[in-house]
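Please keep the sequence and the structure open while reading the points below.

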Amino acid sequence: MDKYEKQITEYVVNLKYTHLPKAVVQTAKERLLDSFAVAFAAYDAPPVRAMRNFALQYRVKNGATVFGTPYKVPVDYAAVCLGTMIRALDWNDTYLNREPGHPSDNIAACLPVAEAEGKSGKDLILATVLAYELQCRLCDAAGIRKKGWDHVTYGSISSSAAVAKLMNFSA
């Protein structure tokens, strides 16, 4: 494990809800509500309808709810459907620095996993904060487009870290 992997891993393992200032918790709640609002606004958008119709073909007893429906599907299907909802209208948040990012993309991974794992609202907030912080700090650290990588690469790292936290992975 290199020094950056170690630093990220230690951050994920050691961050606790009790470490979060009240203002950070409030901001996370606002980001969640904003993402839910744009997801509902996009509910009937063609890509959302297509993804929802696809996901709903695979209903399961234990999974995650397709946002805006009463039905559960495999967790990854619920995550892709929610991610499509959050991004379809391109109204979600943007972070700009050396590299741009859409940290609300992380919510699409966090919410279905939190549900499937039986986690609390505090756990969801913690995972959301963790993902936002990690993705935005990576965007601050280095621009990767000039090296041929897309900025969403940072989101794959941050959402994986948040999901690992929700699933109680060890270092």
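At 47% relative accessibility, Phe40 counts as partly exposed, whereas Phe67 is buried, with a relative accessible area of 14%. The model is a predicted one, and in it the count of aromatic pairs comes to 5.

**The pair of Phe40 and Phe67**
- Phe40 and Phe67 form a tilted aromatic pair, with 4.8 Å from centre to centre and 35° between the planes.
- Because Phe40 lies in helix α2 (residues 22–41) and Phe67 in the loop between β1 (64–65) and β2 (72–73), the pair ties together parts that are 27 residues apart in sequence.
- Ring pairs also bring in Phe36, so that Phe36, Phe40 and Phe67 are linked into a cluster.

**The pair of Tyr58 and Tyr77**
- Tyr58 and Tyr77 form an edge-to-face aromatic pair, with 5.3 Å from centre to centre and 85° between the planes, an angle that falls over the cut-off of 60 degrees.
- Tyr58 lies in the loop between α3 (46–55) and β1, while Tyr77 lies in helix α4 (residues 75–87), so this pair ties together parts that are 19 residues apart in sequence.
- Tyr58 counts as partly exposed at 36% relative accessibility, and Tyr77 also counts as partly exposed, at 23%.

**Charged ends over rings**
- The charged end of Arg52 sits over the ring of Tyr43, at 3.7 Å from the centre of that ring.
- The charged end of Arg59 sits over the ring of Tyr71, 3.7 Å from the ring centre.

Terms used
Residues are numbered from 1 along each chain as its sequence is written. This is a predicted model: local features need pLDDT of at least 70, side-chain atom pairs count only at pLDDT 80 or more; totals for chains, interfaces and linings use all residues. Side-chain values use heavy atoms; hydrogens and water are left out. Rings of Phe, Tyr and Trp (its six-membered ring) pair if their centres lie within 6.5 Å; planes under 30 degrees apart count as stacked, over 60 as edge-to-face and the rest as tilted. Helices (H or I, at least four residues) and strands (E, at least two) are DSSP runs, numbered from the N terminus. Buried means under 20% relative accessible area, exposed over 50%, partly exposed in between (1.4 Å probe, protein chains only). A charge sits over a ring if NZ of Lys or CZ of Arg is within 6 Å of the ring centre and within 35 degrees of the ring normal.
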